[in-house]
Amino acid sequence: MWPNISAAPFLLTGFPGLEAAHPWISIPFFAVYISVLLGNGTLLYLIKDDHSLHEPMYYFLAMLAGTDLMVTLTTMPTVMGVLWMNHRQMSHGACFLQAYFIHSLSIVESGVLLAMAYDRFIAIRTPLRYNSILTNSRVMKVGLGVLMRGFLSLVPPIVPLCWFPYCRSHVLSHAFCLHQDVMKLACADITFNRVYPVILVALTFFLDALIILFSYILILKTVMGIASGEERAKALNTCVSHISCVLVFYITVIGLTFIHRFGKHAPRVIHITMSYVYFLFPPFMNPIIYSIKTKQIQRNIICLFSMHRRA
């Protein structure tokens with residue numbers, strides 16, 4: 001019989017064996033943290049401030065930037081707490097809440113990328129009906145649906161964590177809480193918590209990726225039917241930013257999955273690093289991609305910085 005020590009707090013883990021280097025490791029993490037906040041915050045400000053960006057494509061981009069901000073604000077405070085102050089203890093309630101938001105927001109991000117693919121599909125397949133199909137109310141409904149799918153689908157696996165007894169080690173493998181980490185510490189039947197996430201991933205990440213792929217096959221078919229080479233290039237250019245964000249997101253998902261499934265003998269630091277790449281790389285890259293590839297945003301950023309210089 002396991003002794004009941006459920007009330008003991010969970011212990012977060014930074015980089016095992018590299019504790020002395022944590023202050024140095026924190027420097028690139030903090031730089032990325034600030035870059036994510038500034039990059040996504042700037043995107044949100046520009047989309048809100050410039051009326052020429054009040055279009056469905058940019059509304060979806062604002063949803064992506066908001067999701068990236070929330071993911072970073074959910075994960076990074078505990079990461080920086082471990083790296084800066086070796087603050088490892090985390091209460092059960094705070095841990096479950098963090099896990100809930102981390103996983104929910106990942107599904108929301110996948111849903112937003114799917115919505116953005118739908119936007120590009122409508123813009124290229126039926127450009128004359130674009131504004132009548134993607135009205136403001138429809139964009140709001142799509143956004144609400146994406147949020148509800150993400151936040152409601154994570155309730156079933158997270159709620160049981162609250163009543164599981166925890167009588168094994170309370171040490172987690174990351175500097176933030178993940179559902180798969182916490183459930184392994186439970187002294188209870190976790191069959192549902194093992195099976196449900198697999199089904200959920202198949203019905204969200206995997207299905208979203210398939211639909212996005214199919215939509216781009218149809219987009220490519222439409223573009224190839226355009227007679228003018230210049231018009232073909234112009235149509236495809238409107239999709240480059242979104243395709244880049246999709247690749248960044250799903251390559252990190254696939255990379256993390258492969259490491260967990262097939263990298264059992266890889267050093268633990270590789271597993272931990274890949275987790276940070278998964279949570280930080282897309283939020284870091286998405287504003288850069290859109291500021292480089294979208295002329296309207298590029299122009300607004302230049303105007304914003306020139307205004308600050310004159311001030």
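# Close-up views of helix packing

**View A. Helices α2 and α5 cross in a right-handed manner.** A crossing is right-handed if the near helix is turned clockwise from the far one by less than a right angle, and left-handed if anticlockwise. From α2, the residues P56, Y59, F60 and M63 make the contact, and from α5 the residues N136, V139, V142 and G143; contact means heavy atoms within 4.5 Å. The structure is a predicted model in which local features need pLDDT of at least 70 and side-chain atom pairs count only at pLDDT 80 or more, whereas totals for chains, interfaces and linings use all residues. Residues are numbered from 1 along each chain as its sequence is written, and side-chain values use heavy atoms, with hydrogens and water left out. The axes of α2 and α5 lie 10 Å apart, at an angle of about 25 degrees. Axes are lines fitted to C-alpha atoms, for helices over the stretch in contact, and angles run from 0 to 180 degrees between N-to-C directions. The two helices, α2 and α5, are therefore roughly parallel (under 35 degrees; over 145 is roughly antiparallel, 65 to 115 roughly perpendicular and the rest oblique). Helices (H or I, at least four residues) and strands (E, at least two) are DSSP runs numbered from the N terminus.

**View B. Helix α2 bends at M76.** The 30 residues of α2 span 43 Å from the first C-alpha to the last, close to the 44 Å expected at 1.5 Å a residue; the expected span is 1.5 Å times one less than the number of residues. The bend at M76 is about 35 degrees, and the proline P77 follows within four residues. A bend is the angle between axes fitted to the seven residues ending at a residue and the seven starting there. Of the 30 residues of α2, 22 are buried, so the helix is largely enclosed by the rest of the structure (buried, under 20% relative accessible area; exposed, over 50%; partly exposed, in between; 1.4 Å probe, protein chains only).

**View C. T72 is a buried residue of helix α2.** The relative accessible area of T72 is 0%. Beyond its neighbours within four places in sequence, T72 is in contact with Y33, V36, P77, L280 and P283.

**View D. Helices α2 and α3 pack with a left-handed crossing.** Their axes are 9 Å apart and form an angle of about 160 degrees. The helices α2 and α3 are therefore roughly antiparallel to each other. In this view T74 belongs to α2 and counts as buried, at 16% relative accessibility. Not counting residues up to four places away in sequence, T74 touches Q98, F101, I102 and L105.

**View E. N86 follows helix α2 with a positive phi.** The phi of N86 is about 55 degrees although the residue is not a glycine. N86 is placed in the loop between α2 and β2 (89-90). Its relative accessibility is 49%, so N86 counts as partly exposed.

**View F. Helices α3 and α10 pack with their axes 12 Å apart.** The angle between α3 and α10 is about 30 degrees, and their crossing is left-handed. The residues I102, S106, E109 and M116 of α3 meet Y278, F279, P282, N286 and Y290 of α10.

**View G. G150 is a buried residue of helix α5.** Its relative accessible area is 0%. Leaving aside neighbours within four places in sequence, G150 is in contact with S104, I107 and V108. The C-alpha atoms of G150 and S106 are separated by 7.7 Å, although the two residues are 44 residues apart along the chain.

**View H. Helix α8 bends at V201.** The helix covers residues 191-224, and its 34 residues reach 49 Å from first C-alpha to last, close to the expected 50 Å. The bend at V201 is about 30 degrees. Among the buried residues of α8 are N193, L200, T204, F205, D208 and Y216. The cover over the buried residues of α8 includes α3 (92-125), α5 (136-153), α6 (155-163), α7 (179-183), α9 (229-262) and α10 (268-293).
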